[in-house]
Amino acid sequence: MCCLWRMFGGLKGGGWGRARLCLAGGIRVLIFEEMNMLSEHVLPVAVIGAGPVGLAAAAHLIGRGETPIVFEAGSEIAANVRSWGHVPLFSPWRWCVDKASVALLEPSGWQMPNPDKLPTGGELIDEYLRPLAALPQLRSQIHLNSRVI
C-alpha cells in the first residue's frame, strides 16, 4: 500500500485539514480529516521512495499540478531494485510503466521498449525510471540518501 498525505489550510473557520490518498491493489481511497491548526500555508506532498511506485506517484501528482518532494533512502533512484537488477521481471514492459509517467516522458522523446519483452530490474531503472527521474519536473524534487523517520 502506498499512502500520500496532503496538508492544506483555508478551511471554514481558519482550520487545517489533511487528506490521505491510499493506493492498494488498484483501489484508491481518499480519507479527509479536519485538524485544529491555524495557518493558511499549503505544504507539498511527500513521496517516500524513488522506486517504481514512488516515481509513478510523483508523476500523478505533477499531472494534477502538485509539486511533490520525493525522499529516497538509497544513493540512487530505485536503489532496492538495483540490488536485484540482474533478475527478469515476471511482467512485460506494457505492465511495468505507469500512464502518468509515460505522459511526462513522451514529450522528451522517450519511447517505450518492446511492450512484450520482460525487462530485468536494471533495464527497468536504466530505460524507464532514470529517464523519468531526470525530467525537469522531477529532477530537483528527488532527495537521495534521505531517510524519513
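Two residues are said here to be in contact when heavy atoms of theirs lie within 4.5 Å. The model shown is a predicted one, in which local features need pLDDT of at least 70 and side-chain atom pairs count only at pLDDT 80 or more, while totals for chains, interfaces and linings use all residues. Residues are numbered from 1 along each chain as its sequence is written, and side-chain values use heavy atoms, with hydrogens and water left out.

**View 1. Ser146 and its surroundings.** Ser146 belongs to the segment that comes after β6 (142–143), where strands (E, at least two residues) and helices (H or I, at least four) are DSSP runs numbered from the N terminus. Leaving aside neighbours within four places in sequence, Ser146 has contacts with Phe71, Glu72 and Ala73. A polar atom of the Ser146 side chain also lies 3.3 Å from the backbone oxygen of His143.

**View 2. The largest nonpolar core.** A nonpolar core is a set of buried (under 20% relative accessible area, 1.4 Å probe, protein chains only) Ala, Val, Leu, Ile, Met, Phe, Trp, Tyr and Cys residues joined through side-chain atoms within 4.5 Å. The largest one has 31 residues, and those with the most contacts inside it include Leu55, Ile77, Leu124 and Ile142. At least two residues of this core come from each of α1 (52–63), α3 (99–105) and α4 (121–133).

**View 3. Ile142 and its partners.** When residues up to four places away in sequence are not counted, Ile142 touches Ala50, Leu55, Val70, Ile77 and Ala133.

Methods. A polar contact is a pair of N or O atoms within 3.5 Å; within protein, one must be able to donate a hydrogen and the other to accept it, and residues adjacent in sequence count only if both atoms are side-chain atoms. Buried means under 20% relative accessible area, exposed over 50%, partly exposed in between (1.4 Å probe, protein chains only).
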